[in-house]
Amino acid sequence: MNMKNFKKTIEKIEMSQEIQERIIRNCNSKRTFDMEEYPMNKSKKFQLRKLIPLAAALSVFVCLSIVGVAAVKNGFFKDVTYWNGTVIGTTYEQASEEIEVNVTIVDNELMVLVTMLFPDKPPYSVFEEFGISSYQITDMSGIVIIKDAGTELSQISDGQAEIKISLEGIESGNYKLIINKYVGSAKADQPLEISGIWECEFKL
């Protein structure tokens, strides 16, 4: 592949702003190659000057590919900052593939069974309680019945938490629970919000 086509390939790779900034910081922190430290004849210098950009491009391509795959499959911690850059907290993003959700109806309550698929890994390994920070319930046509609601925290046992959502006032029918954020808590730490998308259909 020539450099022109290689550049086009790299430009097609999509990344979040945070990942782009991280790569730039890492690249800036690397020591630049000094041609004068390695004397050689003009022919070899010319060949080396052609190879260095290609090697750099290959390194970037590999890094971007690895980062892209990791971002899709794994959640990551993200700092919450003020406008001036002061860090005021932390969240955990893109955790959709790390939590499994099942729901049942018991006495006009929606029982949400949350299963952490990696209970021995951070951040799940430190949690003692777990709850839903933001959810909504819609009917099957997409009309929102409950919007931007949250729940109480529930105890975690063997990597699972059972969370209750009241369905009082909701008529019989088919509905969908959409969860956007969970919150995990431990005594010694601040609560941590966990973002993703989880959907479950249920019939009342």
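**Exercise 1. Find what share of the chain's residues is buried in this predicted model.**

Solution. Start with the cut-off: a residue is buried when its relative accessible area is under 20%.

**Exercise 2. Work out the order of helices and strands along the sequence.**

Solution. Begin by counting: there are three helices and ten strands. Then read along the sequence, and you get α-α-α-β-β-β-β-β-β-β-β-β-β.

**Exercise 3. Decide whether strand β4 is largely enclosed or open, and explain why.**

Solution. Locate β4 at residues 109-116. Next, check its eight residues one by one: six are buried. Strand β4 is therefore largely enclosed by the rest of the structure.

**Exercise 4. Identify the strands that are joined to β4 by bridges, and give their direction.**

Solution. Take β3 (residues 99-106) to begin with: eight bridges join it to β4, and the two run antiparallel. As an example, pick Ile 99, whose bridge partner in β4 is Met 116. Now turn to β8 (residues 160-166), which is joined to β4 by seven bridges, again antiparallel. Here Leu 113 has Glu 162 in β8 as its bridge partner.

**Exercise 5. Look at the hairpin of β3 and β4: which residue takes a positive phi?**

Solution. Go to the two residues between the strands. Checking phi in this hairpin, you will find that Asp 107 has a positive value, near 50°.

Note on methods. Residues numbered from 1 in each chain as written. Predicted model: local features only at pLDDT ≥ 70, side-chain atom pairs only at ≥ 80, totals over all residues. Heavy atoms only, no water. Helix = DSSP H or I, 4+ residues; strand = E, 2+ residues; numbered from the N terminus. Buried < 20%, exposed > 50% of the residue type's maximum accessible area, 1.4 Å probe, protein only. Pairing = 2+ DSSP bridges.
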